Amino acid sequence: TYVVTENCIRCKYTDCVEVCPVDCFHEGPNFLVIDPVECIDCSLCVAECPADAIYAADQLPPEQAHFLEINAELAQVWPVIAQTRLPLSEADAWIDRGEKLRYLER
Ligand code: SF4
Ligand code: F3S
């Protein structure tokens, strides 16, 4: 599976969702996750993300490893998003800021 990691938080550009052939992105208030059961590992979403937030699960940077579980958990409660929309208004200010997990809204 592929995994959305920390740099998506407070950005949520949503370019990723439009290319997913199986609509396995799920949307929360300020973050998206990938449903690991539905993802077919096509990798199409990776290049779409302006924040470079999406990784293959087996290539996750060690400090992002906990996002594997976060994606699996929140994909079960958040609704599917399949169409790109405007990024969050502060997205460009929050990209690459790091230490964003504390801002994750559930
Ligand atoms: Fe969707 Fe492919 Fe990305 Fe998985 S790797 S989330 S199937 S676009
Ligand atoms: Fe997030 Fe990147 Fe998609 S910022 S919403 S993973 S395009």
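Author: In helix α2, the residues F67, N71 and L74 are buried. Buried means that 20 or more other C-beta atoms lie within 10 Å of the residue's own; exposed means 12 or fewer, and partly exposed is in between, with C-beta atoms placed from the backbone. Helices (H or I, at least four residues) and strands (E, at least two) are DSSP runs, numbered from the N terminus.

Reader: Before we continue, what is the origin of the model, and how are things numbered?

Author: This is a predicted model, in which local features need pLDDT of at least 70 and side-chain atom pairs count only at pLDDT 80 or more, while totals for chains, interfaces and linings use all residues. Residues are numbered from 1 along each chain as its sequence is written, and chains are lettered from A and ligands numbered from 1 in the order in which they are written.

Reader: What pLDDT does the protein chain average?

Author: The protein chain averages a pLDDT of 98, and 100% of the residues score at least 70. pLDDT is the predictor's confidence in each residue, from 0 to 100. The model scores ipTM 0.98 and pTM 0.98.

Reader: Back to α2: what covers its buried residues?

Author: The cover includes β1, β2 (25–27) and β3. On the face turned away from the buried side, α2 carries the exposed residues E69 and E73.

Reader: And I70, how does that one count?

Author: I70, which lies in helix α2, counts as partly exposed because it has 19 C-beta neighbours inside 10 Å.

Reader: Which residues of the largest nonpolar core touch the most other members?

Author: They are V4, C8, C16, I34 and I54, in a core of 26 residues. At least two core residues are supplied by each of β1 (2–4), α1 (15–19), β3 (32–34) and α2 (67–74). A nonpolar core is a set of buried Ala, Val, Leu, Ile, Met, Phe, Trp, Tyr and Cys residues joined through C-beta atoms within 7 Å.

Reader: What is C8 in contact with?

Author: Leaving aside neighbours within four places in sequence, C8 is in contact with F31, L32, A51 and A53. Contact means that the C-beta atoms of two residues, placed from the backbone, lie within 7 Å.

Reader: Turning to the ligands, which residues come nearest to ligand 2?

Author: C8 is one of them, together with Y13, C16, C49 and A51, out of 14 residues around ligand 2. A residue is near a molecule or strand if its C-beta atom, placed from the backbone, lies within 6 Å of it. The shell around ligand 2 has 10 nonpolar, 1 polar and 3 charged residues. Ala, Val, Leu, Ile, Met, Phe, Trp, Tyr, Cys and Pro count as nonpolar, Asp, Glu, Lys and Arg as charged, and the others, Gly among them, as polar.

Reader: And how many residues surround ligand 1?

Author: Ligand 1 is surrounded by 13 residues, of which Y2, C20, C39, C42 and C45 are the closest. That shell has 11 nonpolar, 1 polar and 1 charged residues.

Reader: Where does C20 lie, and is C20 buried or exposed?

Author: C20 lies in the loop between α1 and β2 and is buried, with 21 other C-beta atoms within 10 Å. Leaving aside neighbours within four places in sequence, C20 is in contact with F25, L44 and C45. The C-alpha atoms of C20 and C39 are separated by 8.6 Å, the two residues being 19 residues apart along the chain.

Reader: One last topic, backbone angles. What is phi of T14?

Author: Phi of T14 is near 70 degrees, a positive value in a residue other than glycine. T14 is in the loop between β1 and α1 and counts as buried, with 22 C-beta neighbours inside 10 Å. For D52, phi is near 50 degrees, again a positive value in a residue other than glycine. D52 is found in the loop between β3 and β4 (54–56) and counts as partly exposed, with 13 C-beta neighbours inside 10 Å.
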